[in-house]
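Me: I would like a close look at one part of this protein, namely its salt bridges and the charged and nonpolar surface around them. Please take me through that part in one connected answer.

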Amino acid sequence: IDIVRDKITGLLCAPMDSKDMASKILEYYHDMDLCDSVAEAAHEMVLKLFTLNRMMASTVDVYEQTRQTKRILVIKTSALGDVILVTPSLRAIRSKYPQANIKVLVSIDHKNVLRNCPYIDELIVCDFKYRDKGFKGLMRLAGILKEEDFDMVVDLQNNKKSHLLSFLSCASERYGYDNGKFSFLLNRKVKDTRLPVNPIDHQMRVLKLFGIHRMEKTPDIYCSAEDMIWATDFLNNNWIKPTSVFVCMNLEASPKWQSKRWPVEYFLHVADKLAQELSVRVVIIGVDPKDISNVIFMKRSKAKPVSAVGKTNIGQLTALIEKSSLVITGDSAPMHVAAGVQTPFIGLFGPTSEKRHVAPVKNSKIIFAQTKCRPCYKPSCNKGYICMHEIDPDRVFEECKKMLKTKIKEI
């Protein structure tokens, strides 16, 4: 509200201009009618806008608005696929608290996953390998969180370090799982379950503690216009037209999880049949061009594959997967990227449980072998990795045909 309105409730003069101020004072002196009308209008405005009741109501409104504008921290530092899978929870939290200031604590390695997320206000980036390593680094990070003055922390990482940071933030409400990993530092918690629960529903058990009982379970991941342009140019430069059907294959697994690898010979078999029977090109994706599976595949494939391995950041990878017709991968991040952009995917599962690690999305097919030892959650195997080796490549190809049938007909 403008308290002084020129020639109505007062006279305005230029700031730091003594001559203009003097002229306005003289204007009052020479025009008593103006002086009386301004005084009367100002008096009426004060009686209307600045009564004790109105000022009290305005003060209460400020406090109420401050109370409703919660400051919320969500902790999800790793890993890449898990950070993608946190987006349904972020969407649900934003829906419940539309006026809240929502920040996410995320690892420096995965910050770009949430770079364009519309449900959050800011990222707080941690670096446990270097800057925030050890006790000193952890205390530095805790100090940053404390200064943010959060009202509530939603710990979706649920490990010792995240529970400790939740506590050291000094937030009055700290939500997470009662899992024995310093969970006594949380004051709002739910018992973990041994039953296999998909990752979205697993997070939702925490969200129910503060009143979120339903949410859209499809993950989101966003890439920029520049990333889409890069993907278009990359495909054009490799003789893949915008209207072409192509399949992305991820041959890699985390160095810690060699047991998740599907044999490169099986990928070769599927890729060559896609080319021979369906005239479908293959683009292999990943981070390490020196990975033995990628090297063997590019040398031996007859399908004229294109390698994007080591050539993409997370945004460019997302754009490439969004443009693809199908993704074939083990239990790794590209599967979650595909889910986030609603690209059909085939997930090949061995030592880990598909019931715990796959978002409930449409247009997906999970394939696994019926071996007695799975899921074992062992990163290495002394039984010859039979759970992955017994996934029949011909079965995978038949699923590819089914999932690509509509796309191929459209061309």
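**Charged patches and salt bridges**

Reply: In this predicted model, a surface patch of negative charge is made up of Asp31, Asp33, Asp36, Glu40 and Glu44. Of these residues, Asp33 sits in helix α2, which runs over residues 32-49, and Asp33 counts as exposed because its relative accessible area is 62%, where exposed means over 50%. A nonpolar patch is also found on the surface, formed by Ile3, Val4, Leu12, Val46, Phe50 and Met55, which together have about 510 Å² of accessible area.

Turning to the paired charges, side chains of opposite charge can pair when their charged atoms come close. The structure contains 21 salt bridges, and one of them joins Glu148 to Arg71, with 2.8 Å between the closest N and O atoms. This pair links distant parts of the chain, since Glu148 is in the loop between α6 (134-147) and β4 (152-155), whereas Arg71 is in strand β1 (residues 71-75), 77 residues apart. Glu148 has 17% relative accessibility and therefore counts as buried, the cut-off being under 20%, while Arg71, at 25%, counts as partly exposed.

Another salt bridge is formed by Asp220 and Arg91, whose closest N and O atoms are 2.9 Å apart. Because Asp220 lies in the loop between α8 (199-207) and α9 (225-237) and Arg91 lies in helix α5 (residues 87-96), this pair ties together parts that are 129 residues apart in sequence. Asp220 and Arg91 are both buried.

A further salt bridge brings together the side chains of Glu122 and Lys103, at 3.2 Å from N to O. Here Glu122 is in strand β3 (residues 122-126) and Lys103 in strand β2 (residues 101-107), so the pair ties together parts that are 19 residues apart in sequence. Lys103 is buried, with a relative accessible area of 6%, whereas Glu122, at 38% relative accessibility, counts as partly exposed. Arg71, Lys103, Glu122 and Glu148 are in turn linked in a network of salt bridges.

As for the setting of these pairs, the secondary structure of the protein chain comes to 16 helices and twelve strands, and buried residues make up 47% of its 411 residues.

Terms used. Residues numbered from 1 in each chain as written. Predicted model: local features only at pLDDT ≥ 70, side-chain atom pairs only at ≥ 80, totals over all residues. Heavy atoms only, no water. Patch = residues over 30% accessible without salt bridge, like charges linked within 9 Å, V, L, I, M, F, W, Y side chains within 5 Å. Areas by Shrake-Rupley, 256 points an atom, 1.4 Å probe, with all protein chains shown as cover. Salt bridge = Lys/Arg side-chain N within 4 Å of Asp/Glu carboxyl O. Lys, Arg positive; Asp, Glu negative; His and termini not counted. Charge placed at Lys NZ, Arg CZ, Asp CG, Glu CD. Helix = DSSP H or I, 4+ residues; strand = E, 2+ residues; numbered from the N terminus. Buried < 20%, exposed > 50% of the residue type's maximum accessible area, 1.4 Å probe, protein only.
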